[in-house]
Amino acid sequence: MPMNCSIELFPPKDDLGEERLWNAIKELTQLKLDFISVTYGAGGSTRDRTIRIAKEIQGKTGTPTIAHLTCVGSDRKSTRLNSSHT
């Protein structure tokens, strides 16, 4: 029976971190992942980078990729606003 496998990544805060992330993705995609999740920072602090990276991962690897919206500390209005950006 095949095993389903996914990973969750945290978006890097700077260009060096993003370079490291892409190096890790090259290794991890060899696992034939079912999907990849990229987490929003607390309060959406890395929202723009999260969305961009999630789109780039899917485009470059072909692995389905989602932005994992973190709702801790958010009210309904900000959660709706953040979710409309994906």
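Analyst: Buried means under 20% relative accessible area, exposed over 50%, and partly exposed in between (1.4 Å probe, protein chains only). The model is predicted: local features need pLDDT of at least 70, side-chain atom pairs count only at pLDDT 80 or more, and totals for chains, interfaces and linings use all residues. Residues are numbered from 1 along each chain as its sequence is written, and side-chain values use heavy atoms, with hydrogens and water left out.

User: What percentage of the 86 residues of the chain count as buried?

Analyst: The cut-off is the one just stated, under 20% relative accessible area. Applied to the 86 residues of the chain, the share that counts as buried is 31%.

User: What pattern does the chain follow along the sequence?

Analyst: Helices (H or I, at least four residues) and strands (E, at least two) are DSSP runs, numbered from the N terminus. There are three helices and three strands. Read in order, they give β-α-β-α-β-α.

User: Is α1 roughly parallel or roughly antiparallel to α2?

Analyst: Axes are lines fitted to C-alpha atoms, for helices over the stretch in contact, and angles run from 0 to 180 degrees between N-to-C directions. The two axes lie 12 Å apart at an angle of about 30°. Angles under 35 degrees count as roughly parallel, over 145 as roughly antiparallel, 65 to 115 as roughly perpendicular and the rest as oblique. Therefore α1 and α2 are roughly parallel.

User: Which residues does Ile 7 touch, not counting residues up to four places away in sequence?

Analyst: Contact means heavy atoms within 4.5 Å. With residues up to four places away left out, Ile 7 touches Leu 28, Leu 33, Phe 35, Ile 36 and Ser 37.
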